[in-house]
Amino acid sequence: MRLDKYLKVSRLVKRRTLAKEISDQGRITVNGSVAKAGTDVKVTDELVIRFGQKIVTINVTGLSEHATKENAKGMYEIVKEEKVGGE
């Protein structure tokens, strides 16, 4: 599944266009490599996403083309959340 679609369906990012912008800015890595919006995401991949002052590391645990609110959380497991910069 494409990275931008995965981020939207898993509800890590609200809109697919925003997911595309974030990935194209180099703010997401998949298994340690900078990823673009079209990068293929597979189960067991590790994603590191930089949201402004926060870095979130997740493991992909499932893929679903049409996730609902209930099963969207089952698509990933948060490994680490950390604040960067600021105070």
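A residue counts as buried when its relative accessible area is under 20%, as exposed when over 50%, and as partly exposed in between (1.4 Å probe, protein chains only). The model is predicted, so local features need pLDDT of at least 70 and side-chain atom pairs count only at pLDDT 80 or more, while totals for chains, interfaces and linings use all residues. Residues are numbered from 1 along each chain as its sequence is written, and side-chain values use heavy atoms, with hydrogens and water left out.

**The overall picture**

- The chain holds three helices and five strands; helices (H or I, at least four residues) and strands (E, at least two) are DSSP runs, numbered from the N terminus.
- With 87 residues, a compact globule would come out near 12 Å, and the chain agrees because its value is 12 Å.
- Along the principal axes, the C-alpha atoms fill a box of roughly 40 × 25 × 20 Å.
- A contact means heavy atoms within 4.5 Å, and 43% of the contacts between residues at least 6 apart in sequence join residues at least 24 apart.

- UniProt lists residues 1-56 as "domain: RNA-binding S4" in an unreviewed entry; its positions are given in the numbering used here, feature names are shortened, and annotations may be inferred rather than shown by experiment.
- Over residues 1-56, the chain is 29% helix and 25% strand, and the end C-alpha atoms lie 20 Å apart.

**The sheet**

- Five strands make an open sheet in the order β2-β1-β3-β4-β5, with antiparallel pairing; two strands pair if DSSP finds at least two bridges between them.
- At the edges sit β2 (33-34) and β5 (76-83), each of which pairs on one side only.
- Three bridges link β1 and β3 in the antiparallel sense, and Ile 28 has Ile 49 of β3 as its bridge partner.
- Six bridges join β3 and β4, again antiparallel, with Val 48 standing opposite Thr 57 in β4.
- β3 and β4 also form a hairpin with two residues between them, and Gly 52 in the turn has a positive phi of about 55°.
- Seven bridges connect β4 and β5 in the antiparallel sense, and here Ile 55 stands opposite Glu 82 in β5.
- Five of the seven residues of β4 are buried, so this strand is largely enclosed by the rest of the structure.

**The nonpolar core**

- A nonpolar core is a set of buried Ala, Val, Leu, Ile, Met, Phe, Trp, Tyr and Cys residues joined through side-chain atoms within 4.5 Å.
- The largest one has 20 residues, and those touching the most other members are Leu 3, Tyr 6, Leu 7, Leu 12, Leu 47 and Ile 58.
- At least two residues of this core come from each of α1 (3-9), α2, β1 (28-30), β3 and β4 (54-60), and the largest share, four residues, is from α1.
- Not counting residues up to four places away in sequence, Leu 3 touches several others, including Ile 28, Val 41 and Leu 47.

- Ser 23 is part of helix α2 (residues 16-24) and counts as buried at 0% relative accessibility.
- The side chain of Ser 23 reaches the backbone oxygen of Lys 20 at 3.0 Å.
- Beyond its neighbours within four places in sequence, Ser 23 is in contact with Leu 3, Ile 28, Ala 35, Lys 36 and Ala 37.
- Tyr 76 belongs to strand β5 and is buried, with a relative accessible area of 12%.
- Among the residues that Tyr 76 touches, setting aside those up to four places away in sequence, are Tyr 6, Leu 12 and Ile 58.
- Tyr 76 and Met 1 are 75 residues apart in sequence and 14 Å apart in space, C-alpha to C-alpha.
- Arg 50, in strand β3 (residues 46-51), is partly exposed, with a relative accessible area of 37%.
- Leaving out its neighbours within four places in sequence, Arg 50 is in contact with Arg 27 and Ile 55.

Notes:
A polar contact is a pair of N or O atoms within 3.5 Å; within protein, one must be able to donate a hydrogen and the other to accept it, and residues adjacent in sequence count only if both atoms are side-chain atoms. The radius of gyration is taken over C-alpha atoms; the globule rule is 2.2 Å times the number of residues to the power 0.38.
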